[in-house]
Structure formats: structure tokens, C-alpha cells
Amino acid sequence: MGEEVARFEEEFARYFGMRHGVMANSGSSANLIAVAALFYKKDRPLQRGDEVIVPAISWSTTFHPLQQYGLKLRFVDVELDTLNIDVSKLERALTPRTRMIVVVSILGNPAALDIIQEFARQHDLYLFEDNCESMDAEVAGRKTGTFGHVNTFSFFFSHHISTMEGGIVLTDDEELSHLLRSIRAHGWTRDLPAGSSLFERRSSDHLEAYRFILPGYNVRPMELSGAIGREQLRKLPAMTAERRRNLALFQRLFGGDDRFILQRENGKSSCFSFTIILNPAHNEDLDAVFTALNNADVGFRMITGGCFLRHDVIKYYDYEVVDGGVPNAELAHDRGFFVGNSPQDLSPQIHRLHEVLDRACRKKKL
Ligand SMILES: Cc1ncc(COP(=O)(O)O)c(C=O)c1O
């Protein structure tokens, strides 16, 4: 990690209009150090046993650092049409122990970030934006990944830009940026600027060279990833535009057809994927549809990680489910899938996807 990573951090933060960027070796690591940093703030640090409001659908490593730091999760269902957290349930998710909301914009589609930010402000909660799936999306006139106290992104191979593996945390808070830099690399002071409020420099260079102040990790990115990231970032606006052109065709072919529940765009999606839930009202045989997709050689997969509550790992978590259930997340888990988008003209592929699904899901009169 050297000059290229440092430049990439600056350029990436500038693109998003944020003050600080701290790159890590994956989006998962970005989530881990972002949660950790909130535990070491001077004022109002998170503490074990605090509660955090989370959506029922996201990737596993949105949740794991919360569990690892001893937080209690309160799961809120998603909206069926956006697949993002249902903001009408936030009040009911709140308890006197709530300290943070984790919000995720699923598969390119912005969550109601402006509403959630206001809710967090009113109730004095940390807002953690896991934006690993929605780089360059916009809502309420701003880019996603800029609403939180901490905001994370992934540069994994299949995401909007790729450094092969990689991730970053953006924040406007200087103290958090220093905590992130220390926790990213061994918990030492070496990567902190002179005058950092986290520690006072003493006179011995020998001792200062290896001075540990926080329980950190080593999740540094490689210099090569920083260099690739800088080139990728230059291409991002054009790549997002290509993705959105594909989205427009997908919406034209599939929209208004009640066999398919699509993601209703909130703001401007950066369209990670083409996301479909088979409408249960049509009672289509899921296996038959999946077989048709497989036979046509169309790749598809579960929506993000599906409903997190359905995974075995949940037995290790301290959690509650707001309103006692998450029917929309369950439905997305059981009858949903996505087909990947990419920054090139996919018109033939999208037409073919439509042909295959149209044939597999014969129209029925309801
Ligand atoms: C919402 C979300 N958070 C975190 C991650 C983890 O990112 P990474 O694969 O770079 O570790 C992903 C990965 O796809 C994700 O979708």
C-alpha cells in the first residue's frame, strides 16, 4: 500500500464529494473496520449490547461485523418492490437501546436514504450506509454512499468498478478517518497524520515506529489495486450510463407485466443486476422456470444473500424481528433471482432473457 492507494482514496472521495476515503482489501473489510471505528470514537462510542436496526436482505458481511462486536440486531422487512428497508417500520424498530441504523441499497436501487438520514438525525443514531451494491446510484439529488457517518463500497470483480478485491470507507468525520486508518493496519499510529487527535507523539522515533493504540487488523489493500481503481474510476460515469441503458430496455420489456415483480426504481439506480421476483399470484413452478433458464444457458442467482434470517449462521446472533416476521424478504428469498448486468450493450441478451421467461411463465388469466 503506497502512493497509488493514497491517490485512489483521494480521487474516490472527491468523486463522491466526501472528505475522507480509507481503502481496504474488500468491501467486507470496509464494513468490519467501519463498525470497529464507531466503537473507539471519543464521544458516544458504540458499546456491546447496543441495538442496531438492519434490513432483512443484505449480504452476510453486512451483518457479521455487527455480531462480532456484540451488537443486537433488529431486523426490519424490506419493501417488496424496492427490496430496500421498509421505512414505515422504523419507528417500531426503535428501542431505548437503539444506537445505529445500517441501510443497504440493494442491487443498484437506492434505499430511502434521505428519509432514513432524517430519522437517524432525529433519534441521534449513527447511520451506516453499506453501499457495496450501488456505486454511482443517486437519490434526493445525491449519490448513494454519502448519507452515512460511515459509507462502504466494494470493488469486487463483479461490482460496478473492480480492483479484483477491494473496498473503501468514506466519511466526513476526521476522527473516524484516523480510527479507520489505524484499525486497518495493526492498530498502529504509523499511517496517521502528524497532529492526529488519536495520540500524542513522543520523542523516541524508535518507540514511535511501532506504537499500537487500537485493537486493529491488517486489511490493507495492495498498491496494484489502488492503481487499477484509479483507472476504473475514470470509466465509472460511462459504465454507469451503459448499465442504465440496459436497465431501460429491461424495464421496457418486463415492466407492467404482473407475472414479474421488478425493483421499482427509487431515484436513479446504478443497476447492478436485473432483479425479478416471480409473482406468487401466478403460482409459477419455480423449478420449471429455473430449469428453463439453465437450459437456455442464462446465469442467475439468489437476490444478494436472500433473507438473512434463513441462513444457519443466524443461530450465533443476538437478534429480534420487528413485527414478528419478514414476509417480503421471505418471498424474495423463495421466488426471487437476479441476472447480472454489465457495462456494455446487452440488448440481445436482455431480449433473450425476456423470450425465455415469457415462454417459461405462460400468461394466465387471473
Ligand atoms: C451489500 C454488500 N455488502 C458487502 C459486500 C462485501 O463486499 P466484498 O465482496 O468486496 O467483500 C457485498 C458483496 O457483494 C455486498 O453485496
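**Ligand contacts and selected surface features**

In this predicted model, a polar side-chain atom of H159 lies 3.1 Å from an oxygen atom of the ligand. The protein covers 90% of the 390 Å² of accessible area that the ligand has on its own (Shrake-Rupley method, 1.4 Å probe; for residues, only the protein chains shown count as cover). The ligand has 16 residues around it, with G27, S28, D130, E133 and S154 coming nearest (one heavy atom within 4 Å). For S28, a polar side-chain atom lies 2.6 Å from a ligand oxygen atom. For G27, a backbone N or O atom lies 2.8 Å from an oxygen atom of the ligand.

Local features need pLDDT of at least 70 and side-chain atom pairs pLDDT 80 or more, while totals for chains, interfaces and linings use all residues. Residues are numbered from 1 along each chain as its sequence is written, and side-chain values use heavy atoms, without hydrogens and water.

M164, M222 and L224 make a nonpolar surface patch of about 330 Å² (residues with over 30% relative accessible area and no salt bridge, nonpolar side chains joined within 5 Å; a salt bridge is a side-chain nitrogen of Lys or Arg within 4 Å of a carboxyl oxygen of Asp or Glu). M222 sits in the loop between α7 (205-208) and α8 (223-254) (DSSP runs numbered from the N terminus, helices H or I of at least four residues, strands E of at least two). M222 counts as exposed because its relative accessibility is 55% (exposed is over 50%, buried under 20%, partly exposed in between; 1.4 Å probe, protein chains only).

D257 lies in the loop between α8 and β10 (260-262). D257 counts as buried, at 12% relative accessibility. The D257 side chain makes a polar contact with the side chain of R259 (2.6 Å) (N or O atoms within 3.5 Å; within protein, one able to donate a hydrogen and the other to accept it, and residues adjacent in sequence count only if both atoms are side-chain atoms).

Technical notes:
Patches are made of residues with over 30% relative accessible area and no salt bridge: like charges are joined within 9 Å, nonpolar side chains (Val, Leu, Ile, Met, Phe, Trp, Tyr) within 5 Å.
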